[in-house]
Amino acid sequence: MNFLIILLCIILIAVIIVQIGKVSELASSIRGEEAAERDSNNWSARLLLAFLPIFLIGCIASAIYYYPYMLGYGPHESASVHGLELDHLFNITLVVTGIVFILTHIALFWFSYKYAAKEGQKAAFISHDNTLEIVWTVVPAITMAYLVINGLIVWNNTMADVDPGEDIVEVEAVASQFLWELRHPGKDKVLGARDYKLINALNPLGQDWRDEKNIDDFIMDTLFLPVDKKVRVRITAKDVLHNFYLPHFRVKMDAVPGIPTYFVFTPDKTTEEYRQGLKEYGGMWLEPADPEEPDGPRRWETFEYELACAELCGRGHYSMHKFVRVVPQEEYEAWLNRVEQTSYYLNNVRGKKNDPHKGKQLDIEKRFYEIEAAAAEEVAAPPVTQEPTTQEATAVEVVKDSVVVIENAH
Amino acid sequence: MAAVKYTEEEELLILEEGHDPHFHDHHHGDDKYRMSFISHYIFSMDHKMIAKQFLVTGMFWGIMGGLMSLVFRLQLGFPEESLAWLKPVLGKWITISETGVGSLDPEFYYALVTIHGTVIVFFVLTAGLSGTFSNLLIPLQCGARDMASPFLNMLSYWFFFLAGVVMFASLFLSTGPFSGGWTAYPPLSALPQAMSGSGAGMTLWAVSIILFVVSVLLGGVNYITTVLNMRTKGMSMFRLPLTIWAFFITAIIGLLSFPVLFSGVLLLIFDRAIGTSFYLSDIYIGGQALDYVGGSPILYQHLFWFLGHPEVYIIILPAMGIVSEVLSVNSRKPIFGYKAMVYSIAAIAFLSFIVWAHHMFMSGVNPFISNFFVLFTLIIAVPSAVKVFNWISTLYKGNIRFTNAMLFAIGFVSMFISGGLTGIFLGNSAIDIQLHDTYFVVAHFHIVMGVAAFFGMFSGVYHWYPKMFGRFMNPVLGKIHFWVTMIGAYAIFWPMHYTGMAGVPRRYYRFDSFEAFSYFGEINQFITIAAVVVFAAQVLFIINFFYSIWNGKKQTTVNPWGATTLEWTTPIEPGHGNWPGAIPVVHRWAYDYGKDGRDFIPQTEPLGENESESH
């Protein structure tokens, strides 16, 4: 309703303005066209001159105001190694283009004001100037060459695939309308084969169970990654295009059905370290995360890295949300020990009609029996949890003898 | 050769009828071109009438596209406010929650975003801009009686009209218009089960685009032929005004790139209708594994952007041409570096064909390929920079007249700088990793090819309005239009850079599912309010436009702006055939302003004895 009123007001204003236009035309014919034109010309020149500082100051002031929210600035440092280089490149480009932006705008509006038509003034006849034109062809060319070279070095470093045999963590992100399924290869570090024709309600990723690499693969609800270790994400989609987007890590790559893509990056800040950075920055990060709970956790405490979709994929495109957790290596391994038991195969296929390994003793099972035996000696079994939400983190604290202690910031 | 001397009576006649050294010799035209209402206003073959048809149709689509953006901006800026008041218009696309808050259906939100993009890019800024001014100015400024083929020219408009009718019809489908983004990437656009808009909506979208391509090709062939073959005596290529150069090269780009879109869309139709797998492979959707194998969605992106990138130059080059002309005329100075301007238009046009994959750095193409596209993309900055410096130098030591056309031309230069510079970020693939598909991109292309192209169009409309209608638009309303649009457009798009730098992705219906994207409620409200104000200013422009057709100040002299070019040698309201007598002969380039102490020297005036043609 408010909008309707606003809209009506605007229409009314428009009508008034049209009347002003008509009146002004009448007035100018009374005062004499030439005088009116000279007047209006002077006004335009002055307004253009006034626009210049207001515009430039507005640009700079607003940039300062939003500085704490922009990635790469304020508390939002990049959380990956290549991200720092990207941010650096961004800043170089910002300085170069910033200078050009300010200088050209000053020239544009100053000349407009300075050379506004005046009585008795005549325009100079200047058709070209070869020297000047060569200068302003060559200077941008050199600047661009500098930016291209810098950019391509960073680009080729960032996009390089891993070398065979390199010690990395490989995970798979499978996108579909409208969710991410994150597959961890398990301890064998190799993702098992998939075929889209095998996808069904009991096999959401279409894993081929004949491939033994699939046996220890498990689905993560949160993307768990160790810090300072190269991660290769295999990115693919089941139905339409999606895009694997980790804003804090400067990672973005389309998920294409039929054509697996990848992105290699190294997270260099754990979630906890990032939170500490936000805390130190202060400001809004010290406010309560939930305004209705003034004594609840602060914003920095609830911060999580996020995974989003950045390629239009249908009506739920804006809701393809997952958390990303970066943890120290030891914690990662402890987590891996715990969650590998959620292997999709062992829990849903093993022993069933369609189990191609029926009757065969699997290595992973032997390992699990040993772990179970060891765990039986412990007082309490660790709960299987992956959710980095605060509730569950507190739940972990309750279990005192838990093998795994998810550090909590409280 | 000295100027022809006329008697006083002849001078008067020329004033009324336009330039014509032999006007009493053969006064043809009137009988031959007399027309009925239908052949004059509807199925007209007169390039001037077709230009007006393109302009008015373009304005209709501009308003439609603008209204669509207002609706989705309201949803984005005020997600908690109720949009229930739009229910009488949008019907089932407004869903009312239990608490009584009406909000836009996400699917329809995407439909609005998609159709907004499609119609503004194709119908407004291609047909409405290039179609209008190429038609109006090519024959007038080259010195031709009409296009090479007036009949094809008429068909060109009617194919455009038909494309519009089909697109308009798709708005009323029960499954909604196409909603997969103006780029229509498959598989989303290929599979009806992926989104309801990908059903009949997509079929109509594809048909509309194909009709539109036909329109562009018919127009383009005509523009090129006319410029090459029908220039008047003495009008060498390097005597052409920059407007014609821009339209000419634009038509060439269009002719080379639109057929590729045509084939891309055709293959998409095959995938949809007859089960081919050009773009589809390994798809599991709606609980079903589909049979398509071996296709590549990326192939479509290549075909699309092979048009899509040149398309942005198809949009901006005519605006550049118009602005070059308007800046020069109103500074009373020659355009600075005429030949450099021509070469830079040509360079931009050439480069525009080898940069398309810079839209696809993050789409899964081999990262090695991107090296070439980064290089060529950033090279485009050089001719673009040359153009900007030349425009600014044109102002230097001028005697500037701030007509509305001039104000919009200056605004164009400002927008082109602002939007062009952010292209340097995006064209560098490494930075694009972070900025790709964020609001930074939205800000970039809206400023550089949206707002800037609109400014070029406004500049042209204000400048050549007297040529079209024999009257002037109201200057005060025009100035209000300019200032509100200038400030308002920056208010809309400048803050989007910040949300983009914060990583907020484009094409999000809501931002609250992600903590990282949820901090910009204020910015989004501000942008929405600015958009409403700017839209109101455009309504003002439309009012001014139609009001002035009948009530504007009458044009009393044939050459109100004191311009050198040929269109101002025609009568105030030129009939079919443009010049009542013989076509004028050209003796010099189009930019002799302020030469030898004279305010301007028309192109029709022969060179003086010791005068050299200087450019």
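The model is predicted. In it, 104 residues of chain B are in contact with 94 residues of chain A. The domain assignment divides chain A into domain 1 (9–116) and domain 2 (169–358).

**Contact between the chains**

- On chain B, helix H11 (residues 367–395) gives the most to the side that touches chain A, with 15 residues.
- That side of chain B has 68 nonpolar, 24 polar and twelve charged residues.

**Largest nonpolar core**

- The largest nonpolar core has 299 residues, and B:Val413 and B:Ala452 touch the most other members.
- Helix H5 (residues 106–142) of chain B supplies the largest share of this core, 22 residues.
- Chain A takes part as well, with at least three residues of the core from each of domain 1 (9–116) and domain 2 (169–358).

**Domains of chain A**

- The C-alpha centres of domain 1 and domain 2 of chain A lie 44 Å apart.
- The two domains are in contact through twelve residues from domain 1 of chain A and 18 residues from domain 2 of chain A.
- On the domain 1 side of this contact in chain A, six residues are nonpolar, five are polar and one is charged.

**Sheet E3-E2-E1-E5-E8 of chain A**

- This open sheet of chain A has five strands in the order E3-E2-E1-E5-E8, with mixed pairing.
- Strand E3 (218–220) and strand E8 (261–265) of chain A are the edge strands; each has a single partner strand, so one side of each is left without a neighbour in the sheet.
- Neighbouring strands of this sheet are turned by 30 degrees against each other on average, direction ignored.
- Strand E1 (residues 169–176) and strand E2 (residues 179–184) of chain A pair in the antiparallel sense over five bridges.
- A hairpin of two residues joins E1(A) to E2(A).
- Between these two strands, A:Glu172 has A:Arg183 as its bridge partner in E2(A), and A:Ala173 stands opposite A:Leu182 in E2(A).
- E2(A) also pairs with E3(A), in the antiparallel sense, over three bridges.
- A:Leu182 has A:Met220 as its bridge partner in E3(A).
- A:Asn203 lies in the loop between E2 and E3 of chain A.
- A:Asn203 has 19 other C-beta atoms within 10 Å and is partly exposed, because a residue counts as buried only if 20 or more lie within that distance.
- The C-alpha atom of A:Asn203 is separated by 46 Å from that of A:Val148, which is 55 residues apart from A:Asn203 along the chain.

**Sheet E4-E10-E9-E6-E7 of chain A**

- A second open sheet of chain A has five strands in the order E4-E10-E9-E6-E7, and its pairing is mixed.
- At the edges stand strand E4 (223–226) and strand E7 (251–255) of chain A; each has a single partner strand, so one side of each is left without a neighbour in the sheet.
- The twist of this sheet averages 20 degrees from one strand to the next.
- Helix H7 (residues 329–339) of chain A packs on this sheet and touches E4 and strand E10 (322–327) of chain A.
- The direction of helix H7 makes about 135 degrees with that of E4(A).

- Five of the five residues of E6(A) are buried, so E6(A) is largely enclosed by the rest of the structure.
- A:His242, A:Phe244 and A:Leu246 point one way from E6(A), while A:Asn243 and A:Tyr245 point the other way.
- In a regular strand, side chains alternate between the two faces of the sheet.
- Strand E6 (residues 242–246) of chain A pairs with E7(A) in the antiparallel sense over five bridges.
- In E7(A), A:Ala255 is the bridge partner of A:His242, and A:Met253 is that of A:Phe244.
- The hairpin of E6(A) and E7(A) has four residues between the strands, and A:Arg250 takes a positive phi near 55 degrees there.
- E6(A) also runs antiparallel to strand E9 (residues 305–309) of chain A, joined by two bridges.
- A:Phe244 has a bridge partner in E9(A) too, namely A:Cys309.

Key: Residues are numbered from 1 along each chain as its sequence is written. Chains are lettered from A and ligands numbered from 1 in the order in which they are written. This is a predicted model: local features need pLDDT of at least 70, side-chain atom pairs count only at pLDDT 80 or more; totals for chains, interfaces and linings use all residues. A nonpolar core is a set of buried Ala, Val, Leu, Ile, Met, Phe, Trp, Tyr and Cys residues joined through C-beta atoms within 7 Å. A residue is buried if 20 or more other C-beta atoms lie within 10 Å of its own, exposed if 12 or fewer, and partly exposed in between; C-beta atoms are placed from the backbone. Domain bounds come from an automatic or database domain assignment. Two residues are in contact if their C-beta atoms, placed from the backbone, lie within 7 Å. Ala, Val, Leu, Ile, Met, Phe, Trp, Tyr, Cys and Pro count as nonpolar, Asp, Glu, Lys and Arg as charged, and the others, Gly among them, as polar. Two strands pair if DSSP finds at least two bridges between them. Axes are lines fitted to C-alpha atoms, for helices over the stretch in contact, and angles run from 0 to 180 degrees between N-to-C directions.
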